[in-house]
Amino acid sequence: MTKPEISWSDFEKIDIRVGTIISVDDFEKARNPSYQLEIDFGDLGIRKSSAQITALYSKEDLIGKQILAVVNFPKKQIANFFSECLVLGVYGENKSEVTLLRPSLPVKNGLEIG
């Protein structure tokens with residue numbers, strides 16, 4: 001099932017940027033298995049995110065990986081943690097396996113997706 005159609009101006013409101021994961025910690029207080037990430041977005045600075053990506057990625061695999069994230073959502077409190085961006089990924093069949101969306105070649109942190 002598809003979601004409702006949006007306008008081009010709706011899409012333009014979403015700020016999706018490239019960032020590099022610089023630290024990863026287990027998020028033990030989350031309801032579902034998750035990591036706490038710190039992501040370098042270049043001129044936008046370092047942002048934190050909670051991500052349910054433990055099924056396919058180890059902490060060691062994530063350090064230095066570039067990812068795509070929405071950076072203009074308001075902060076969201078998850079347990080005792082404030083998530084400052086939404087890391088993007090593709091849900092697997094059962095939604096517990098998430099494959100990260102990433103640039104196919106290295107690019108500068110903070111570049112915008114369009």
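**Aromatic rings and their setting**

Tutor: Trp8 is exposed, its relative accessible area being 58%; here exposed means over 50%, buried under 20% and partly exposed in between, with a 1.4 Å probe and protein chains only. The model is a predicted one, in which local features need pLDDT of at least 70 and side-chain atom pairs count only at pLDDT 80 or more, while totals for chains, interfaces and linings use all residues. Residues are numbered from 1 along each chain as its sequence is written, and side-chain values use heavy atoms, without hydrogens or water.

Phe11 is partly exposed, at 29% relative accessibility. Two aromatic pairs are found in the whole structure, a pair being rings of Phe, Tyr or Trp (its six-membered ring) with centres within 6.5 Å; planes under 30 degrees apart are stacked, over 60 edge-to-face, and the rest tilted. Trp8 and Phe11 form one of them, a tilted pair with 5.3 Å from centre to centre and 40 degrees between the planes. These two residues are about one helical turn apart, because they stand three residues apart in helix H1 (residues 8–12). Helices (H or I, at least four residues) and strands (E, at least two) are DSSP runs numbered from the N terminus.

Phe27 and Phe81 also pair: their ring centres are 5.4 Å apart and their planes meet at 55 degrees, so this pair is tilted. Phe27 belongs to the loop between E1 and E2 and Phe81 to strand E6 (residues 81–83), so the pair ties together parts 54 residues apart in sequence. Both Phe27 and Phe81 are buried.

Strands E1 and E2, on either side of that loop, pair in the antiparallel sense over six bridges; pairing requires at least two DSSP bridges. In this pairing Val24 stands opposite Leu37 of E2.

Leu37 leads on to the largest nonpolar core, which has 17 residues; Leu37, Ile39, Ile53, Leu62 and Ile67 have the most contacts inside it. Such a core joins buried Ala, Val, Leu, Ile, Met, Phe, Trp, Tyr and Cys residues through side-chain atoms within 4.5 Å. At least two of its residues come from each of E1 (16–26), E2 (35–40), E4 (66–70) and E9 (98–100), and E2 gives the largest share, three residues. Another core, of five residues, lies apart from it and includes Val18, Leu68, Val70 and Leu88. In soluble globular proteins, nonpolar side chains tend to be buried together.
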